[in-house]
Amino acid sequence: MATTRLPILALPHPMVLLPSARATVPVSRSLAEQLLSLIDDSDALPVVAAIPTPSEGALGEWGTASRVLRLVRPPTSSKSYVVSLQGVTRIKRKMSGNVEALSLEDVEYPAPDKIPPSKENVERFKQAAGRLLERLSRDSVQVSRKEGYAKILAMLEEVQDARTPWMADVLVGTINAEYEDRMAILSTPDADTRLQTATAIFLKQASISEVSRKIASAVDESLSKQQKEFFLRQQLQAIQRELQTLQRSNGGETVSNDKSSGTGSELDDDEQAEADDLAELRRRIEAMAVGSEERKMAVREWRRLKRIPQGSVENGVIRTYLEWLTSVPWPNSTPLSPSPSTASLASSSSSTSLSTAIDLKDKSFLANARAQLDADHFGLEKVKKRLIEYLAVVRLKEMNAERDRSAEEKQATEETKKEGGKAETKDVVLHEKQSPKIPASPSLPVIKRKNPIRGPILLFVGPPGTGKTSLGQSIAKSLNRPFQRISLGGVRDEAEIRGHRRTYVASGPGLIVQALRKAGRPDPVVLLDEIDKIGQSNFHGDPGAALLEVLDPEQNWCFNDHYVNVPIDLSQVLFICTANSLETISTPLLDRCELVQLSGYTYDEKLHIARRFLLPKQLAANGLEPYHVEISEEAMLGIATRYTREAGVRSLERAVGAVVRYKAVEWAEYLEQGGDEKVIFQSEPTQEETGLPITSTSPTYHRTVLESDLEQILGISRYDESEMEREPRRGLVYGLVVTGSGEGGVMPVESIAVPGTGKLKLTGSLGDVIKESGELALSWVKRHAWELGMVDGPMDDVLRVGRGIGIGDRDAGVDVHLHLPAGAQKKDGPSAGVTMTCALVSLLTGACVSSDIAMTGEITLRGRVTAVGGIKEKVLGAHRAHIHKVILPYANRKDVEHDVPMEIRREMEFVYARTVRDALDAAFGKGVLGWRSEVPGGVPVRHVLIESRL
Ligand SMILES: Nc1ncnc2c1ncn2[C@@H]1O[C@H](COP(=O)(O)OP(=O)(O)OP(=O)(O)O)[C@@H](O)[C@H]1O
């Protein structure tokens, strides 16, 4: 075995350079410099021992003596170099272990293969190699590779037997064998053994290649199956579409007729429905305005839909999106013409098409609107007057918009005529083969911001059941627009208004888009119900802020729903808001609205509403005719006064409904027992009327509900008891309040004196402001105790030396406890000042205030009574509670005269107080309290003694 010294060059793992093969090895800059000096020092191409590394940094035993052909510095990186090596012959290191790069080391050349390999081994080798090369050539995708393998195959057939060990080296280097296999070949100098090893490697590679081919073809097959199915479905749909068109042109014969004739199968229904849906979707996209944002988006999504296989999740997501996108009534879209498959959808859109919205020639619009409002609502004269103004404004704007539109259309037609019809409007293409670009034609409709055709945003404020929602419906009817109601009560998440982004699982559009879709027109009347109950800003966003965008005419012509993600023009929508109270509505939101106050009804109005609207409605709802039930005047008043206590008429409607249902049962029983339906037309005298027992055994039915029947039908009345409880007592005075729901009522203020040291205790869930009113009242009373004759000296403290308080002796001292019942309800506001003062005066003087007197008013320390809010509600509430006299601040006089109905004003006494003394005199009666008068000389004289009315 010959020995020589060669510089050692470690090959990076897993590189192996076999004799007769070439390799390009990356080297570091310092190694490259050493190689360069090596090249400089030698006359011919220098030879190095290229040694593979079984693991990082560890040199192996076997290697290849290789010529250094080239050393190159690649242009992209100045740091790394590459060296090209040509393998010459295998070598074996004499030493083991690691050495420094390019250090010289003794290596051995194994003896050359003298004996030609055995015939049998050569034959086997050639066969295995041939088969492998054939397979590789067949499976290769790249043509150059295919050709390369074919050339080696040709060489293999011609190679002499003695050269086959060399051929084994070449082939193992070519077929990208594994590291271990290449090392096995490198470390086998013996020709026969090398051929056998190579044969084994080729067989292994052939089977690996076979398996991977099978896997690849299996994957291929499943993919092509899906594609095949997709294309077949597309073809099927196209055929079905063609068939439908053909059948329609042949006289309205439809596909469903085909099925009935027996050629179709039930199992085809799904596919048919699927095809119909897609055709419908496509039709709707085509109806969208050319060049519009929504159409561009729809076309983009449609193309994506066609690429994605049916049945996949993504397909469903895109379909749902497209269905939403195309069902939004876009202002510029052409209304869909009816199609046999979607009759219902088409009919709804055609019946509500913009062109039929309002007949502009209709001169009696306002008269009709007035008639509509009167037909739906009783009373509410001021509200109706305001609504007529509102409707007139909306109507004028509509007329202007229509005029502008026809002028524009006329101009456009003239321009088109001038151009001689050169420019043609082209549709956006949905076919895959056509170009996706929309041609920029001058005659394409340009999408402009329309003039908003609406008046100010109305905000109906009032207690529940006063007709806010039904007024909104009447407005929609008057304008002949669809009506949609969005309930905002409890909406906490901004996304409920604006929708969820499409990335969100189960995302969908917000309430505004849903309402538009249901309305089917871009200009519905949308009632935003209960905006005072909308959630405040939280970590889900600020729903109120989203509403601001909806209601702001400057922003809402390009409202952005997160799901739809195309600007929607809401400027044609008429928004009307309702609320029970204004306290929780944010100022910016209030700023955008015009308030219309609804304050509740008087008993008289309620009786009219019940008779004219509620009773007929309930009769119809319960399957009875008007002649089946009659409710007497007294009975109706009894229902309104004793069974309900509310500002609106909702409970009244429920109670009337209960009476009607009761009568419905009686009527049904009467008919079952063989009663004659016609008998109730004849006014037969009843047993009570004749005073005689009824002799006939035939069943009877009384259609009139009397007051005496109410207890049997509705149970014991709910409000009698509390009336009984109201009695004049020392320290008890009735105040007027407005509840959170906007309803007015009466609230007692109770006070008692308990042993103590002159402190004031306030209870009943009171807020800071009402507590301060209590303190103000006590301070005022203490300051004026001497004038009221409660103490003997001007500087005496009434809670320490007051006379007649009724507990302890005169020097003991007391605490005063003021309580406002219904302790669970929060109360606040300054309007209880007068009531609390009266209660304290009553407590400390012993004089009582009559229980049919109620009062409201804020007081100042100087003893002035200042104006408060909610006068109409409070007065109506007092009237419902059978209060006969109300004491109000003088400054609220105008509210009574403007807002309180005449019949209430006639039934009640109103006293307007400028000062606390006025209020006290009105509450206790003139001369009841013992006011001291100033006398010349400064000596006060007490000339009226305390007296109680009891
Ligand atoms: N003036 C009226 N004339 C005839 N019916 C009325 C009148 N006011 C209210 N109603 C009837 O009372 C019922 C309740 O009215 P509606 O639902 O409009 O109340 P609302 O003010 O919207 O209450 P909420 O604040 O609770 O939403 C409806 O059936 C309505 O027709």
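This is a predicted model: local features need pLDDT of at least 70, side-chain atom pairs count only at pLDDT 80 or more; totals for chains, interfaces and linings use all residues.
Trainee: How should I read the numbering and the model?
Mentor: Residues count from 1 along each chain as its sequence is written.
Mentor: Helices (H or I, at least four residues) and strands (E, at least two) are DSSP runs, numbered from the N terminus. Counted that way, the protein has 31 helices and 22 strands.

Trainee: Is glycine 465 buried or exposed?
Mentor: UniProt, in an unreviewed entry, includes Gly465 in a "binding site" feature; such positions use the numbering here, feature names are shortened, and annotations may be inferred rather than shown by experiment. Glycine 465 sits in the loop between β7 (457–461) and α14 (468–479). A residue is buried if 20 or more other C-beta atoms, placed from the backbone, lie within 10 Å of its own, exposed if 12 or fewer, and partly exposed in between. Because glycine 465 has 23 such atoms within 10 Å, it is buried.

Trainee: Which residues does threonine 469 touch, leaving out those up to four places away in sequence?
Mentor: Threonine 469 belongs to helix α14 and is partly exposed, with 17 other C-beta atoms within 10 Å. Two residues are in contact if their C-beta atoms, placed from the backbone, lie within 7 Å. By that rule, threonine 469 touches Arg485, Leu527, Asp529 and Thr578.

Trainee: Which helix gives the most to the shell around the ligand?
Mentor: A residue is near a molecule if its C-beta atom, placed from the backbone, lies within 6 Å of it. Of the 20 residues around the ligand, Pro464, Gly467, Lys468, Thr469 and Ser470 come nearest. At least two shell residues come from each of α14, α19 (603–621) and α21 (650–672). The top contributor, with 3 residues, is α14.

Trainee: How many charged residues does that shell have?
Mentor: Ala, Val, Leu, Ile, Met, Phe, Trp, Tyr, Cys and Pro count as nonpolar, Asp, Glu, Lys and Arg as charged, and the others, Gly among them, as polar. The shell has 6 nonpolar and 10 polar residues, and its charged residues number 4.
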